[in-house]
Amino acid sequence: MSDCIFCKIINGEIPSAKVYEDEDVFAFLDISQVTKGHTLVIPKAHHANVYELPEDVAGKLFAVIPKITNAVKKAYNPIGLNLLNNNGEAAGQTVFHYHLHIIPRYGKGDGFG
Ligand code: 5GP
Ligand code: ZN
């Protein structure tokens with residue numbers, strides 16, 4: 001989608017700090033990290049939200065979540081980790097290309113929740 005920030009990140013038009021990439025999935029550091037290592041995982045195919053995510057796209061995305069979360073865990077050594085997905089403005093969604101937040105947690109006062 002031509003005016004989508006995340007599609008532009010996937011095709012390199014907008015630079016990002018890449019964490020993971022394969023044929024179908026891209027992961028990169030959030031530009032405004034709520035905690036150290038805050039990472040976004042997106043399908044390369046543009047789908048606005050979870051309601052519109054085809055099963056095969058969801059399957060490929062979630063298949064690599066353990067691998068990506070383990071890489072984040074190894075890199076930042078958090079004591080916990082939240083996986084979060086906002087759908088709709090009322091839920092806090094600001095970018096309408098489906099994405100999962102990986103939010104490493106470091107204990108009380110880590111800035112999230
Ligand atoms: P949402 O609020 O839609 O669940 O999350 C969108 C996330 O995308 C936000 O955490 C925001 O900081 C991040 N974001 C928005 N624009 C950019 C960008 O250009 N680059 C990166 N790396 N992250 C972005
Ligand atoms: Zn997009």
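This is a predicted model: local features need pLDDT of at least 70, side-chain atom pairs count only at pLDDT 80 or more; totals for chains, interfaces and linings use all residues.
Residues are numbered from 1 along each chain as its sequence is written, with chains lettered from A and ligands numbered from 1 in the order in which they are written.

**Fold**
- Three helices and five strands make up the secondary structure (DSSP runs: helices H or I of at least four residues, strands E of at least two, numbered from the N terminus).
- The order of elements from the N terminus is α-β-β-β-α-α-β-β.
- The C-alpha trace spans about 40 × 30 × 30 Å along its principal axes.

**Core**
- The largest nonpolar core has 16 residues, of which Phe26, Ala27, Val41 and Ile42 touch the most other members (a set of buried Ala, Val, Leu, Ile, Met, Phe, Trp, Tyr and Cys residues joined through C-beta atoms within 7 Å; buried means 20 or more other C-beta atoms within 10 Å of the residue's own, with C-beta atoms placed from the backbone).
- Helix H1 (5–10) and strands E2 (25–29), E3 (39–43) and E5 (100–105) each give two or more residues to this core, and E2 gives the most, with four.

**Ligand 1**
- Among the 14 residues around ligand 1 (C-beta atom, placed from the backbone, within 6 Å of it), Ile31, Ser32, Asn86, Thr94 and Val95 come nearest.

How values were computed: A residue is buried if 20 or more other C-beta atoms lie within 10 Å of its own, exposed if 12 or fewer, and partly exposed in between; C-beta atoms are placed from the backbone.
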